[in-house]
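Dear colleague,

Please find below the structure that I am handing over to you.

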Amino acid sequence: MMRVTDTKTISGAMRELAAQIQAPDDLPAMAIIEAARRIDDLAALASEMAGMLAHDRALPDGCKACAMQKRLAELGVVA
């Protein structure tokens, strides 16, 4: 399985990249910074929503909450 980098590391790397980009109009750097903010915001929202999911203990193999937690962990959003 491929190693997944956590969301904070990715958004931090994007901010560092944005600081290094030099363009006459700063649009590329501004777009990268906005993308980093959006990643952070979506990760925070996903983490909050994951905490709200009810766990269906009767059907652990078919539990949607467990499946969502697993997907978020694979994306590096939650541990």
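Two residues are said to be in contact when they have heavy atoms within 4.5 Å. The model is a predicted one, and the contacts described here are computed from it.

By this rule, helix H1 meets H2 through Thr7, Lys8, Ser11, Met14, Arg15, Leu17 and Ala18. On the H2 side, the residues they meet are Ala29, Ile32, Ile33, Ala35, Ala36, Arg37, Ile39, Asp40 and Ala43. Sorted by class, this contact of H1 with H2 holds 10 nonpolar, 2 polar and 4 charged residues.

The geometry of the pair is as follows. The axes of H1 and H2 lie 8 Å apart, and the two helices pack at an angle of about 165 degrees. Because angles over 145 degrees count as roughly antiparallel, H1 is described as roughly antiparallel to H2. The crossing of H1 past H2 is left-handed.

The largest nonpolar core consists of 5 residues: Met14, Ala18, Ala29, Ile32 and Ala36. H1 and helix H2 (27–52) are the elements that give two or more residues to this core, and H2 gives the most, with 3. In soluble globular proteins, nonpolar side chains tend to be buried together.

Finally, Thr7 belongs to helix H1, which covers residues 7–20. Thr7 has a relative accessible area of 11% and is therefore buried, since buried means under 20%. With residues up to four places away in sequence not counted, Thr7 touches Ile39, Asp40, Ala43, Leu75, Gly76 and Val77.

Yours sincerely,
A colleague

Methods
Residues are numbered from 1 along each chain as its sequence is written. This is a predicted model: local features need pLDDT of at least 70, side-chain atom pairs count only at pLDDT 80 or more; totals for chains, interfaces and linings use all residues. Side-chain values use heavy atoms; hydrogens and water are left out. Helices (H or I, at least four residues) and strands (E, at least two) are DSSP runs, numbered from the N terminus. Buried means under 20% relative accessible area, exposed over 50%, partly exposed in between (1.4 Å probe, protein chains only). A nonpolar core is a set of buried Ala, Val, Leu, Ile, Met, Phe, Trp, Tyr and Cys residues joined through side-chain atoms within 4.5 Å. Axes are lines fitted to C-alpha atoms, for helices over the stretch in contact, and angles run from 0 to 180 degrees between N-to-C directions. Angles under 35 degrees count as roughly parallel, over 145 as roughly antiparallel, 65 to 115 as roughly perpendicular and the rest as oblique. A crossing is left-handed if the near helix is turned anticlockwise from the far one by less than a right angle, and right-handed if clockwise. Ala, Val, Leu, Ile, Met, Phe, Trp, Tyr, Cys and Pro count as nonpolar, Asp, Glu, Lys and Arg as charged, and the others, Gly among them, as polar.
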